[in-house]
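The sequence and model come first.

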Amino acid sequence: MCRASRLRKLTYFRSCMKKLLPLILFVSVFASSSFGQQFSAQKIQNLTQNSIRKGYQASVRMWAYDTVKRQQAGPQFSAVVVSPEGHILTAAHVNTPGQTYMVTFPDGKWCIARGLGEIEFKDSPMLPDVAMMKIMTKGTWPHAEMGWSSTLKINEPVVSISYPETMNQAQPLVRFGSITNLLNEYGFLQSTCRMEPGDSGGPLFDYLGRVIGLHSAINGDIDYEVPVDLYRKYWTALNIPTTYTALPTVEDKISADPLNIL
């Protein structure tokens, strides 16, 4: 990457962080009191800034795209790139295996992706709402690190970076919250990061900037997040462009979180 390009990216990120700083300061105080003595307000502030720095550039805005007519072919939704080769994690209810999609990054760069595998139970299509896509355009892409949902703690601070339809803007909205349920009766995480249409498939990051969940649905004031461990467990199966109506028989081993320090 040339020096001028690096400078533009740094200037762009600094401008984003300047706008977010007052909210980060407020959340720092709130999260430190709700999460206990392990996190001081200053530590929460530093961790939140670091989480946004790591996740922001990989959080993408998407919609189905007709590559022949060169036009949008569906509503927008959110997702996150998790590998330099362009693997994308999102929700199954916004994915169609084989469909082409427009992917736009916060800095304005764009590319084309294709829908890969998804898991939608036959009797309950909104469960477990797991899907993967892959960028087809040649290149190396900004990406976020995948975390481990199994090591989360109640009240742990989290950051959501996604694209609500009501704002209809090229840059994502950053929300702050905490984990309220590690695994509910439907198999979802729950957080206090509020969702709305367009946020579906968007990433939820832990305080280390690692993807730990994907936005699925909202029920009243409860947000449902797909645990990232499901993507780890079925990574191989999800690389095949098909719809699984039950959990795939091919499973990958989930390694231990090397940073499980709490």
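## A buried proline

P157 is buried, at a relative accessible area of 9%. Buried means under 20% relative accessible area, exposed means over 50%, and partly exposed lies in between (1.4 Å probe, protein chains only). P157 belongs to strand β9. Strands (E, at least two residues) and helices (H or I, at least four) are DSSP runs, numbered from the N terminus. The C-alpha atoms of P157 and S178 lie 4.3 Å apart, although 21 residues separate the two in sequence.

## Basis of the model

The model is predicted: local features need pLDDT of at least 70, side-chain atom pairs count only at pLDDT 80 or more, and totals for chains, interfaces and linings use all residues. Residues are numbered from 1 along each chain as its sequence is written, and side-chain values use heavy atoms, with hydrogens and water left out.

## Aromatic pairs

The whole structure holds four aromatic pairs. Rings of Phe, Tyr and Trp (its six-membered ring) pair if their centres lie within 6.5 Å; planes under 30 degrees apart count as stacked, over 60 as edge-to-face and the rest as tilted. F105 and W141 are stacked, because their ring centres are 5.8 Å apart and their planes at 5 degrees. This pair links distant parts of the chain, 36 residues apart. F105 is in the loop between β5 (100-104) and β6 (110-120), and W141 in the loop between β7 (128-135) and β8. F105 is buried at 3% relative accessible area. W141 is buried too, at 11%.

F188 and Y224 also stack, because their centres are 5.4 Å apart and their planes at 5 degrees. F188 sits in the loop between β10 (173-181) and β11 (189-191), and Y224 in strand β14 (residues 222-227), so the pair ties together parts 36 residues apart in sequence. F188 is buried at 3%. Y224 is buried at 10%. Ring pairs join Y186, F188 and Y224 into a cluster.

## A charge over a ring

The charged end of R232 sits over the W148 ring, 3.8 Å from its centre. The criterion is NZ of Lys or CZ of Arg within 6 Å of the ring centre and within 35 degrees of the ring normal.

## A nonpolar surface patch

Which residues make the nonpolar surface patch? I154, L182 and L183 do, over about 270 Å². Patch residues have over 30% relative accessible area and no salt bridge; like charges are joined within 9 Å, nonpolar side chains (Val, Leu, Ile, Met, Phe, Trp, Tyr) within 5 Å. A salt bridge is a side-chain nitrogen of Lys or Arg within 4 Å of a carboxyl oxygen of Asp or Glu. Areas come from the Shrake-Rupley method with a 1.4 Å probe; for residues, only the protein chains shown count as cover.

I154 is partly exposed, at 41% relative accessible area. Its place is the loop between β8 (145-146) and β9 (157-162).
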